[in-house]
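Hi everyone, thanks for making time for this.

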Amino acid sequence: MEFLRPTSWGEALAAKADAPGAVPIAGGTDVMVELNFDKHRPEALLDLNRVGELATWSEEEDGRLRVGAAVPYARIIGELGGRLPGLAMAARTVGSPQIRNRGTVGGNLGAASPAGDSHPPLLAADAEIEVESAARGTRMIPAGEFYTGVKRSALAPDELIRAFHVRPAEGPQQFSKIGTRNAMVIAVCSFGLALHPSDQRIGTGIGSAAPTPRRAFEAEEYAAGELDWAGRSPLDERVARRFGELAARAAAPIDDVRGTAEYRLHALSVMARRTLTWAWKDYLNGGATACA
Amino acid sequence: MELGAPLDRVEGWDKVAGRARYSGEQRVAGVCHAVAVQAEIAHGEVLAVDATAARAVPGVIDVLAYGDAPALADTSDFELAVLQSPRVAYRGQIVAAVVAETLEIARHAQRLVRVTYDELGHDVELTPDHPGLYRPEKISPDDPPDTGEGEETPAEVSVDVTYETPAFHNNPMEPHATLAVWEGDHLTLYDSTQGAAAQRDALAALLGMPAERVRVVAHHVGGGFGSKGVPPRPNSVLAALCARRVGRPVKLAVTRQQMFSITGYRTPTFQRMRIGASKDGRIADIEHHVIEQTSTAREFAEQSGVVTRMMYAARARRTTHRLARLDVPVNSWMRAPGECPGMYALESAMDELAEACGIDPVELRIRNEPERDPDSGNPFSSRRLVECLRLGAERFGWSSRPEPGTRREGRHLVGMGVAAATYPAAARPAQALARVADDGSFTVSIAAADIGTGARTALTQIAADALGVPVARVRVEIGDSALPYGPLAGGSMGNASWGWAVLRACEGLRDGIARYGGAEPGLECRADTSGEIKNQEAYARHSFGAQFAEVRVDVDSGEIRVPRMLGVFAAGRVMNARLARSQFVGGMVMGLGMALTEESRMDREFGDYLNHDLAQYHVPVNADVLGIDAIWLDDPDPHANPLGGKGIGEIGIVGAAAAIGNAVHNATGHRFRRLPISPPSVIPHLP
Ligand SMILES: Cc1cc2nc3c(=O)[nH]c(=O)nc-3n(C[C@H](O)[C@H](O)[C@H](O)COP(=O)(O)OP(=O)(O)OC[C@H]3O[C@@H](n4cnc5c(N)ncnc54)[C@H](O)[C@@H]3O)c2cc1C
């Protein structure tokens with residue numbers, strides 16, 4: 001097995017174009033597990049750890065944050081927690097301190113597991129994924145179009161993920177995850193929620209309850225219409241409940257060792273109801289998380 | 001420091017600095033690596049092993065399979081008759097092995113070995129009415145499967161319920177590893193085992209060699225929980241066979257996933273409890289009927305019903321054990337075999353009885369204290385269960401326990417539960433040698449095992465105390481079958497057995513020094529406790545304890561958290577407070593896993609355990625362990641042994657799951673009789 005170590009983004013793209021079968025490795029917290037279990041023998045490993053820019057983030061002219069694919073969870077929490085509170089909440093639930101030091105959002109996207117914890121907050125916050133190939137240049141893929149199947153994504157074989165772009169939170173965000181224990185656990189199911197007060201909209205993301213992470217459109221539209229954005233009146237319990245039901249309806253879970261489909265639907269409705277309740281309470285208290 | 005003091009582990013620095021070598025880390029020149037090929041069917045016969053492709057890989061030294069593997073002298077235990085027959089008794093059984101220059105090459109070639117089978121169809125699922133249920137001749141370790149005494153009488157209050165526990169896997173931190181080195185006709189095995197001497201004797205018998213030609217070394221062992229006990233696991237045998245075959249030292253490291261089929265686990269159980277009592281809670285009749293599985297490869301009958309034979313007073317008492325022989329991996333010891341699952345059932349049923357009688361569960365247990373051991377009729381050497389219950393109730397704030405299903409705090413239902421704990425306190429014969437070293441310090445040798453318990457440290461304290469010198473002047477050598485005989489670390493009797501011999505050897509040496517008039521280098525004393533143990537008085541020797549738990553059940557998601565647990569133990573004299581605490585708390589954490597997160601799921605179609613790694617088999621993590629505390633009574637038991645200790649390695653897990661289950665009942669008002677109690681199982685029963 002070859003071990004490729006590009007030192008710049010251009011070199012990395014060229015290497016990927018030369019060897020589309022090469023498996024990129026960022027934190028390695030998914031890749032090394034698969035190698036250890038001998039799931040595949042890739043022809044080459046493409047180590048991205050020397051491509052320094054992938055581990056940086058910046059503020060773009062369009063007001064969005066551009067976060068390099070290889071910024072680890074620990075830094076998302078520490079450096080961007082104020083502006084990306086939903087993603088930071090999710091990041092805090094990932095694995096253990098060791099995994100949060102090594103693991104990256106780019107790797108989570110690359111793996112595209114329906115249970116990946118980054119996905120619900122990225123969906124809820126309308127993130128876009130910046131991918132690039134030597135042959136065709138850059139594409140921006142909305143998170144909602146990125147996930148195409150169980151552990152499959154819209155990434156072409158010669159493309160690499162460079163960054164994700166997302167607006168800093170302009171309203172409260174929440175993330176909720178259920179597992180069979182309190183840490184080091186793959187989600188039984190998860191739910192991300194973001195309020196977008198300026199366009200009076202709600203974003204959602206469902207994790208681990210369908211072949212891909214996905215949004216709950218019907219729930220989003222329903223709640224956006226029912227919430228009293230301008231008058232800021234308290235959330236009607238019935239609206240929260242209905243929102244939960246609609247969120248669960250968007251899912252298509254299965255039974256597996258981690259949980260039953262029935263339980264996942266129940267838990268999703270609970271998490272959706274709760275996250276909306278919490279987020280709306282924050283909003284009434286001043287919608288504080290706007291642009292820290 | 002005196003006996004009982006919280007001395008740090010004497011090898012602690014070696015462990016954190018990586019100097020302590022575990023079996024798989026031993027280095028010898030010319031070592032090669034073996035990897036086992038495991039059966040892909042659960043029942044049948046190997047027709048052929050095609051190793052052509054594997055042998056063609058550069059670096060592959062040899063491939064062993066039935067038909068060409070070295071023969072064993074004793075094949076009576078099928079599980080250990082590795083590669084001696086074509087029969088496949090369970091999925092994951094070792095059917096071949098690849099030996100190569102590196103581990104990577106061996107793993108690669110392992111995948112190229114093609115095994116064809118005659119598949120016979122399998123039966124891997126234990127059910128309470130399995131048609132093959134039979135009564136074993138005896139249950140572990142050597143007890144009758146059934147007991148019965150007294151006449152059943154009509155009861156004013158009765159409980160008749162069945163509890164169900166799943167299979168559990170031991171999962172010590174260090175996976176099993178062996179380095180086998182043949183020098184002429186001598187075999188040295190660096191092996192992760194709970195007992196170097198027992199392992200030596202077993203291997204020598206299998207290989208048809210005198211025990212003097214086999215040496216087993218296990219200086220450091222990263223946990224066992226029974227999975228590294230005797231009989232040996234097949235991986236040790238395989239390592240010895242591979243090394244003999246290739247004529248070079250062979251290292252064989254079992255992977256975490258392989259551990260789920262070849263290193264043992266706890267049987268699932270169905271346990272029916274029938275208790276009849278008077279209205280004031282006094283037990284008239286008690287019955288405990290156990291249904292478990294065993295493998296066709298080797299019988300193991302877990303003694304889950306024994307606790308009901310000795311725990312409470314009753315006029316009539318019946319216990320039975322029935323097994324189904326299945327095409328499953330070999331189940332075996334796991335921390336507190338028998339007592340752990342048995343007390344889950346008994347102590348849950350006692351809680352149900354308390355509720356049925358309208359009596360506080362602590363009081364109910366106190367009312368049923370027996371005067372003597374109901375099983376043997378002997379007096380208890382000491383039995384301070386009532387004190388444990390009372391002290392625990394006071395410390396835990398038991399009086400604020402709510403009526404079932406009535407305390408709601410925010411989105412949580414809150415409840416408290418209690419359960420009693422017990423574990424036998426035995427000792428086995430051992431030998432030790434104490435001598436004055438050249439520099440005037442003291443060396444004490446015994447083939448004891450420190451499997452992470454801190455035994456080496458406790459023995460150092462015992463020796464220093466007996467010699468009347470500081471611990472810094474004593475070095476204890478253990479973990480080598482070449483040392484004076486010591487039994488294995490198991491049954492919570494390691495420290496009692498080894499400590500006794502160490503005590504006698506050190507006392508003798510101290511006398512010798514006094515007679516001689518000084519600590520002359522070379523002075524030594526050897527002790528053997530077999531005579532003393534044979535002549536021990538007839539007492540029923542057991543540790544006791546009381547477990548308290550508080551749970552919070554999320555009314556919407558069904559998630560269960562355990563903010564507080566308290567264990568109060570009367571487990572004899574404690575030799576080292578720090579180590580004891582970690583044993584008690586560790587056992588309680590394992591009980592927490594048993595109650596809420598751990599479960600080995602049988603794959604009916606393929607016939608093996610499905611969730612076979614730590615990502616899927618959920619032992620508790622730090623974030624699950626909130627406020628667990630353990631305290632103990634000052635409890636030297638003069639009838640237990642001269643040190644007064646009773647053993648502390650297992651009692652911490654006993655009763656812990658029942659206390660949590662009882663707390664879940666108290667929180668929710670609903671009784672869950674199947675472990676683990678999971679959110680999906682709880683949800684339908686919440687308000
Ligand atoms: C003990 C443990 C606990 C875990 N707990 C969690 C958890 O709680 N929640 C969770 O979501 N995940 C968890 N994971 C999985 C893993 O940590 C995450 O998916 C993590 O985000 C992966 O990031 P990484 O940088 O380590 O990815 P890597 O392992 O380096 O890569 C993952 C995948 O992405 C591809 N890839 C990486 N970078 C790029 C790129 N720039 N362009 C294209 N493809 C790329 C790789 O080829 C590979 O397919 C856990 C893993 C372990 C071992």
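Let's begin with a sheet in chain A: five strands make up this open sheet, in the order S4-S5-S10-S6-S7, and their pairing is antiparallel. Please keep in mind that this is a predicted model. Which strands stand at the edges? Those are S4, residues 57-59, and S7, residues 137-142, of chain A; each has a single partner strand, so one side of each is left without a neighbour in the sheet. On average, neighbouring strands here are turned by 25° against each other, direction ignored.

S4(A) pairs with S5(A), residues 65-68, in the antiparallel sense, and three bridges join them. If you look for Trp57(A), its bridge partner in S5(A) is Val67(A). A helix comes in here too: H1 of chain A, residues 9-18, packs on the sheet and touches S6 (128-133) and S10 (160-166) of chain A. The direction of H1(A) makes about 125° with that of S10(A).

A word on annotation: an unreviewed UniProt entry marks residues 1-171 of chain A as "domain: FAD-binding PCMH-type". That span is 32% helix and 24% strand, and its end C-alpha atoms lie 48 Å apart.

Finally, a helix pair. H9 (residues 217-226) and H10 (residues 237-249) of chain A pack at an angle of about 165°, their axes 8 Å apart. H9(A) and H10(A) are therefore roughly antiparallel to each other, and the crossing is right-handed. What kinds of residues make up the contact of H9(A) with H10(A), by class? There are seven nonpolar, six charged and no polar residues.

Definitions and conventions:
Residues numbered from 1 in each chain as written. Chains lettered and ligands numbered in written order. Predicted model: local features only at pLDDT ≥ 70, side-chain atom pairs only at ≥ 80, totals over all residues. Heavy atoms only, no water. Axes fitted to C-alpha atoms, helices over the stretch in contact; angles between N-to-C directions. Helix = DSSP H or I, 4+ residues; strand = E, 2+ residues; numbered from the N terminus. Parallel < 35°, antiparallel > 145°, perpendicular 65-115°, else oblique. Left-handed = near helix turned anticlockwise from the far one by under 90°. Nonpolar A, V, L, I, M, F, W, Y, C, P; charged D, E, K, R; others polar. UniProt positions renumbered as here; feature names shortened; annotations may be inferred. Pairing = 2+ DSSP bridges. Contact = heavy atoms within 4.5 Å.
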